[in-house]
Amino acid sequence: MVKFFTAGESHGQGLQIIMEGVPAGLPISEDYIGVHLARRQKGYGRGGRMLIEQDRAKIMSGVRHGHTLGSPIGMTLENKDWANWEEAMAVDPLEGPPQSPRTQRITRLRPGHADLPGAMKYGFEDVRNVLERASARETAARVAAGAIAIRLLEEFGIQIHSHVLSIGTVHAEPPETIDWAAVEDSPVRCADPDAAQMMVAEIDATKEAGDTIGGVCEIIAENVPIGLGSHVSWDKKIDGLLSYALMSINAVKAVAIGPGWEIAEMRGSEVQDVILPVSDPDHPWQRNTNNLGGTEGGMTNGMPLVARFAIKPIATMVKPLPSVDLDTGEAVLAHFERSDVCQAPPACVVGEAMVALVLANAFMEKFGGDSIPETKRNFDGYMKTVGPRKVYQ
Ligand SMILES: Cc1cc2nc3c(=O)[nH]c(=O)nc-3n(C[C@H](O)[C@H](O)[C@H](O)COP(=O)(O)O)c2cc1C
């Protein structure tokens, strides 16, 4: 199984990642992981922290001379701003009165954040004890693990991309064939340059109003082999696993495989992706449409895997919302802890990581192997069986 754990608070010394189940012999480097971390840090409408973060994952274990060893991979992502948080986030008890204003208790609850339920659940008197871990800073750790999963999938020809479909009420009309290099250059990760301009204007107007804005992201995985996931048990279904993984991203409020809600308005005859007669035995099981987003019965069906998710407008606002104080229950303005205006572009990159991690796990479950050559033998052997039975028996 490809598994990963993350640890670390937003303003602690750093984030830690342990990833298990990656076969031996996969080429990987800090530079490669750094490319994905940098992609998460881009995006129009992001706030000040991105300027100080410059994330770099330090590989501590599981890799030797540029290749994985098959052992757990350990990484750390240092907090470049730690010097300013040493007292507020110290591991040891404080000796004497606090010197830094950052050490002061936070009691002004922020609606839309983990503050209130977290403080009640864990019995905390300082909301910082919740917000530090609940912060989307943790998604940087997911992107580091996801980069290794992406690298693993690349080895088998699987490519993962993402783009923004909408920000607020501005909707993109992406071309049928997306120029992914152009998406990487777009300030809002949008495949429709006209819509991208309007999205930037929308973000500016939202910022001007002291508000925040949400959006919809789409993740596409190409060349995914048929048969990842399974119909046999509810917890093996790939669409369910993808939905859980994407819904777990901070601020995600809806997930869809394929177009999602829209298909409820279509007729059955329009929705199903008709299977075409096999004309090329090397590329069997083609379809003209992909309305079901590449899954049927909880398994990938060989079509591109398409998942969408909606991100809520982020909760921390320059113009704080009315709220209450944790101590007194009386009306106050919510605490302001740095904030971005729109997080849809970076959330796409986090979405890619989560999709890659789910697919990498399903891939290794199906093909197994302790080393890349062994996994490749298993993969190649299976792919030879994928076709009309009378041709391949
Ligand atoms: C990449 C990314 C960046 C985020 N940045 C912020 C932010 O700057 N300010 C904020 O209030 N929420 C931000 N969020 C969302 C919060 O982390 C999230 O809304 C909060 O933890 C509560 O979780 P929930 O919305 O899933 O219930 C961000 C989310 C993502 C995916």
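**Strand pairing and helix packing in a predicted model**

Strands β7 (residues 159–167) and β9 pair antiparallel over eight bridges; strands here are DSSP E runs of at least two residues, helices are H or I runs of at least four, and both are numbered from the N terminus. Two strands count as paired if DSSP finds at least two bridges between them. Keep in mind that this is a predicted model, where local features need pLDDT of at least 70, side-chain atom pairs count only at pLDDT 80 or more, and totals for chains, interfaces and linings use all residues. Residue numbers start from 1 along each chain as its sequence is written.

**Around β9**
- Strand β9 spans residues 215–222, and seven of its eight residues are buried (20 or more other C-beta atoms within 10 Å of a residue's own, with C-beta atoms placed from the backbone).

**The four-stranded open sheet**
- The strand order is β1-β2-β6-β3, with antiparallel pairing.
- β1 (3–7) and β3 (57–61) are the edge strands, each pairing on one side only.
- From one strand to the next, the twist averages 20°.
- β3 pairs with β6 (residues 73–78) antiparallel over four bridges, and Ile59 stands opposite Met75 of β6.

**Helix α10 and its partners**
- α5 (residues 138–154) packs on α10 (residues 344–367) at about 50°, with the axes 7 Å apart; axes are lines fitted to C-alpha atoms, for helices over the stretch in contact, and angles run from 0 to 180 degrees between N-to-C directions.
- α5 and α10 are therefore oblique to each other (angles under 35 degrees count as roughly parallel, over 145 as roughly antiparallel, 65 to 115 as roughly perpendicular, and the rest as oblique).
- The residues in this α5–α10 contact include Ala145, Gly146 and Ala149 of α5 and Ala353, Ala356 and Ala360 of α10, where contact means C-beta atoms, placed from the backbone, within 7 Å.
- That contact splits into 15 nonpolar, two polar and two charged residues; Ala, Val, Leu, Ile, Met, Phe, Trp, Tyr, Cys and Pro count as nonpolar, Asp, Glu, Lys and Arg as charged, and the others, Gly among them, as polar.
- α1 (residues 30–41) and α10 cross at roughly 150°, their axes coming within 7 Å, so α1 and α10 are roughly antiparallel to each other.
- His36, Arg39 and Arg40 of α1 meet Pro346, Val349 and Val350 of α10, a contact of three nonpolar, one polar and two charged residues.

Definitions and conventions. Buried ≥ 20, exposed ≤ 12 C-beta atoms within 10 Å, placed from the backbone. Contact = placed C-beta atoms within 7 Å.
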